[in-house]
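Dear colleague,

Please find below the structure that I am handing over to you. A written account of the findings follows it.

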Amino acid sequence: HDVHVAGFDDVPEAAYLSPPLTTVRQDFIEVGRRTFQVLARQISGEADGKVRDLVEAELIVRDSTGPR
């Protein structure tokens, strides 16, 4: 009751652990796409290296956090 655990990446097994794992879900395909776009701009000299591009994440609350 004193410890809460959360993961990051929402692997399919997370919902079936005991207790089911609270996790953060993020679209890693989109993260990769945006990362490649930034890299391509930097290689071509179109970017100065200062980039902040956030991909929205979703918190999936399961039994490994919160009151029981």
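The elements of the protein run β-β-α-β from the N terminus on, that is, 1 helix and 3 strands. Helices (H or I, at least four residues) and strands (E, at least two) are DSSP runs, numbered from the N terminus. Please note that this is a predicted model, in which local features need pLDDT of at least 70 and side-chain atom pairs count only at pLDDT 80 or more, while totals for chains, interfaces and linings use all residues. Residues are numbered from 1 along each chain as its sequence is written, and side-chain values use heavy atoms, with hydrogens and water left out.

Overall dimensions

Along the principal axes, the C-alpha atoms fill a box of roughly 55 × 20 × 15 Å. Of the 68 residues, 18% count as buried. Here buried means under 20% relative accessible area, exposed over 50%, and partly exposed in between (1.4 Å probe, protein chains only).

The 3 strands form an open sheet in the order 1-2-3, with mixed pairing. Strand 1 (6-8) and strand 3 (57-60) are the edge strands, each pairing on one side only. Two strands are taken to pair if DSSP finds at least two bridges between them. Strand 2 (residues 22-26) pairs with strand 3 in the antiparallel sense over 4 bridges; within strand 3, A57 is the bridge partner of Q26.

Salt bridges

A salt bridge is a side-chain nitrogen of Lys or Arg within 4 Å of a carboxyl oxygen of Asp or Glu, and by this rule the count comes to 6. One of them joins R25 to D10, with the closest N and O atoms 2.6 Å apart. R25 lies in strand 2 and D10 in the loop between strand 1 and strand 2, so this pair ties together parts that are 15 residues apart in sequence. R25 is partly exposed at 36% relative accessibility, whereas D10 is buried at 14%.

D10 also meets the side chain of R62 in a salt bridge (3.1 Å, N to O). Because R62 lies in the segment after strand 3 and D10 in the loop between strand 1 and strand 2, the pair ties together parts that are 52 residues apart in sequence. R62 is buried, with a relative accessible area of 16%. A network of salt bridges links D10, R25, E58 and R62.

A further salt bridge is formed by R34 and D53, whose closest N and O atoms are 2.8 Å apart. R34 is in helix 1 and D53 in the loop between helix 1 and strand 3, 19 residues apart. R34 counts as partly exposed at 21% relative accessibility, as does D53 at 42%.

A nonpolar surface patch

F36, L39 and I43 form a nonpolar patch on the surface, with about 360 Å² of accessible area together. Patches are made of residues with over 30% relative accessible area and no salt bridge, like charges being joined within 9 Å and nonpolar side chains (Val, Leu, Ile, Met, Phe, Trp, Tyr) within 5 Å. Accessible areas come from the Shrake-Rupley method with a 1.4 Å probe; for residues, only the protein chains shown count as cover. L39 is placed in helix 1 (residues 28-44) and is partly exposed, with a relative accessible area of 43%.

Yours sincerely
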